[in-house]
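Student: I have a structure open and I want to learn how to read it. Can we go feature by feature?

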Amino acid sequence: MLKPFGDARSIYHVVEPALRAPSVYNTQPWSFRIIADDRIELRASDGDGDDGSGCGRWDLLLHAPAPGPWPREYAISCGAALMNLRLAVRMLGHDPVISLLPDPAGDPGLLASVQIAAGRVHKPGSLERELYDAIWQRHTDRWPFSDTPVRPGILAEMEQAAAREHGWLRPLHGTFARRWLKVAADADAAIAAARDGWESGRQDALGRAGTVAATGDDAAGADRPGYDALLSQFRAELAQRTGDSDSGSGIPLATLGPRPATAKPPVRDFTLGGTVGGGTERGEVGPGERFERHPQLMMLFTDRDDPADWLRAGQALQRALLTAASLGVSTSFLTQPLELADLAFRDDPQHGRVRHPPGLAGHLGLPLHPHTVDASQRNSSSPVDRRGYVRRRLLGATPWLEVPQMVIRVGYPRDPAGKPDIRTPRREPDITDARSDPPVRVARPPAGPCPPAGPRPPGGSPRTGQAGAGDRLETAWRPPGGRHHSS
Ligand SMILES: Cc1cc2nc3c(=O)[nH]c(=O)nc-3n(C[C@H](O)[C@H](O)[C@H](O)COP(=O)(O)O)c2cc1C
């Protein structure tokens, strides 16, 4: 029998790369369970949130009919981790057989089971090795990009990478890009201004009248706090997750990059209008920095909008991000409008209307033109269809019918030499070994020699000209700079 998860050393060999995946607000909402010597499970984190992760137990929420922003983005994050884990298994020469949500009713926290295919051992290909190497290079780059557009061939490679995982990645050109920058800025303003809605008892200040239709998926509608209150809760959570954190989760201020000198910036305002985290660490002093003139944005879609689609979106996202990193292209994200659309849907499962107090700059304009496209989805009896409709309407009328999941910004770093190389820390992973009775937590093994290596792939990558497999396994075991967990 194959034993790729035989001991702590080999377990960490595949888990460590998974930890390097991007996760929403660096929540790292995953955990791992070793079921057999040749089977590992990726699970939703099942902590109580007291460990600083901030995400707590979310499996049940994942299957709630009208989720807020978190479960969808948690699942996307876990999908990205799954992509890295798959690549790590391939580096050992094994083939991972993936089963997404194998037991949704009985065990909703089980996101994916990874079984090692018996009797199939073969060297990783050069593309797999490049993507694996890129796991350590990729990070969210919130610094200004160069004005030189990313080569169309690279964008096409990213699109193909996503498509291999059933994600549809498309550049947002012209009016779509401008519109996205506008709704992103408006969303930032709306979140920043939502400060007092909850605390001051203004819950549901705008009233719920006319917004809640008695639909099957909204049985708990009467207990919903209302959009204003949801937004205020959302803001409070976001503020909590922004700032330097000793626990190894959350977004350190040092990774936020300089403050952009434009009203429609291509990076998110995690300081919530300058109210979180002081400002000097982020360069808040001075006039702000010029970012690229024409930010290049890409939107990732999936066919549908159920939890398995979110996991697919995560894998597609990560394959595309690794492709970009392997080709010297930086990436960041601009997802706040999608998060507010999720919140709006939660408040109003039928239409996802977003309402704002008079005078508030933020206005997402949902729904825009109720009589235009997508009537069948708008009026569908399926909450999944309607949720996807709400997110798609953010772009106005589009030629695409699939469901938006993520928006990324791509570009060449403007000044790679002058830019500080600051990576977001990770916390220690939650790994359980269920082969023991009772199950035990797997502790990080002391630093030592490499884990047992798989087949040794030939050296030299055609695209990067980097070294061969031995070096890559070394890199896997001890990432460059030792930045793989909290410093
Ligand atoms: C689903 C999802 C949504 C995200 N949304 C944003 C965003 O709107 N803005 C942003 O700057 N980063 C966003 N991120 C990036 C995370 O903040 C980042 O992955 C995390 O802090 C870890 O840092 P790293 O990607 O540099 O490893 C998102 C990541 C994921 C997976």
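Student: Which hand does the crossing of α6 and α9 have?

Tutor: This is a predicted model, so keep that in mind throughout. A crossing is left-handed if the near helix is turned anticlockwise from the far one by less than a right angle. Here the crossing of α6 and α9 is left-handed.

Student: At what angle do the axes of α6 and α9 cross?

Tutor: Find helix α6 at residues 174-193 and helix α9 at residues 336-347. Their axes come within 8 Å and cross at roughly 60°. That makes α6 oblique to α9.

Student: Which residues make the contact?

Tutor: From α6, take Trp-180, Val-183, Ala-184, Ala-187, Asp-188, Ala-190 and Ile-191. From α9, take Gln-336, Pro-337, Leu-338 and Leu-340. Now sort them by class. The contact of α6 with α9 has nine nonpolar residues, one polar and one charged.

Student: What does Ser-146 touch?

Tutor: Skip residues up to four places away in sequence. Ser-146 then touches Glu-292, Tyr-412, Pro-413 and Arg-414. Check the side chain too. A polar atom of the Ser-146 side chain lies 2.8 Å from the backbone nitrogen of Thr-148.

Student: Which residues have a positive phi without being glycine?

Tutor: Look at the backbone angle phi, then at the residue type. Tyr-25 is one of them: its phi is about 55°, and it is not a glycine. Leu-272 is another residue other than glycine, with phi near 50°.

Student: Where do Tyr-25 and Leu-272 sit?

Tutor: Tyr-25 is in the loop between α1 (8-19) and β1 (30-36). Leu-272 is in the loop between α7 (227-241) and β6 (296-302).

Student: Are they buried or exposed?

Tutor: Use the cut-off again. Tyr-25 has 5% relative accessibility, so Tyr-25 counts as buried. Leu-272 has 3%, so Leu-272 counts as buried.

Student: Which peptide bond is cis?

Tutor: Read the omega angle. From Asp-437 to Pro-438, omega is near 0°, and the bond is cis. Pro-438 belongs to the loop between β9 (431-433) and β10 (440-441).

Student: Where is Thr-424, and what is it in contact with?

Tutor: Thr-424 lies in the loop between β8 (403-411) and β9. Leave aside neighbours within four places in sequence. Thr-424 is then in contact with Arg-20, Asn-26, Gly-250, Pro-252 and Thr-255. Thr-424 has 18% relative accessibility, so Thr-424 counts as buried.

Student: How much of the contact in the chain is between residues 24 or more positions apart?

Tutor: Start with contacts at a separation of 6 or more. Residues 24 or more positions apart account for 78% of those.

Student: And how many helices and strands does the chain have?

Tutor: Twelve helices and ten strands.

Student: What share of the residues count as buried?

Tutor: The chain has 487 residues, and 57% of them count as buried.

Note on methods:
Residues are numbered from 1 along each chain as its sequence is written. This is a predicted model: local features need pLDDT of at least 70, side-chain atom pairs count only at pLDDT 80 or more; totals for chains, interfaces and linings use all residues. Side-chain values use heavy atoms; hydrogens and water are left out. Axes are lines fitted to C-alpha atoms, for helices over the stretch in contact, and angles run from 0 to 180 degrees between N-to-C directions. Helices (H or I, at least four residues) and strands (E, at least two) are DSSP runs, numbered from the N terminus. Angles under 35 degrees count as roughly parallel, over 145 as roughly antiparallel, 65 to 115 as roughly perpendicular and the rest as oblique. Contact means heavy atoms within 4.5 Å. Ala, Val, Leu, Ile, Met, Phe, Trp, Tyr, Cys and Pro count as nonpolar, Asp, Glu, Lys and Arg as charged, and the others, Gly among them, as polar. A polar contact is a pair of N or O atoms within 3.5 Å; within protein, one must be able to donate a hydrogen and the other to accept it, and residues adjacent in sequence count only if both atoms are side-chain atoms. Buried means under 20% relative accessible area, exposed over 50%, partly exposed in between (1.4 Å probe, protein chains only).
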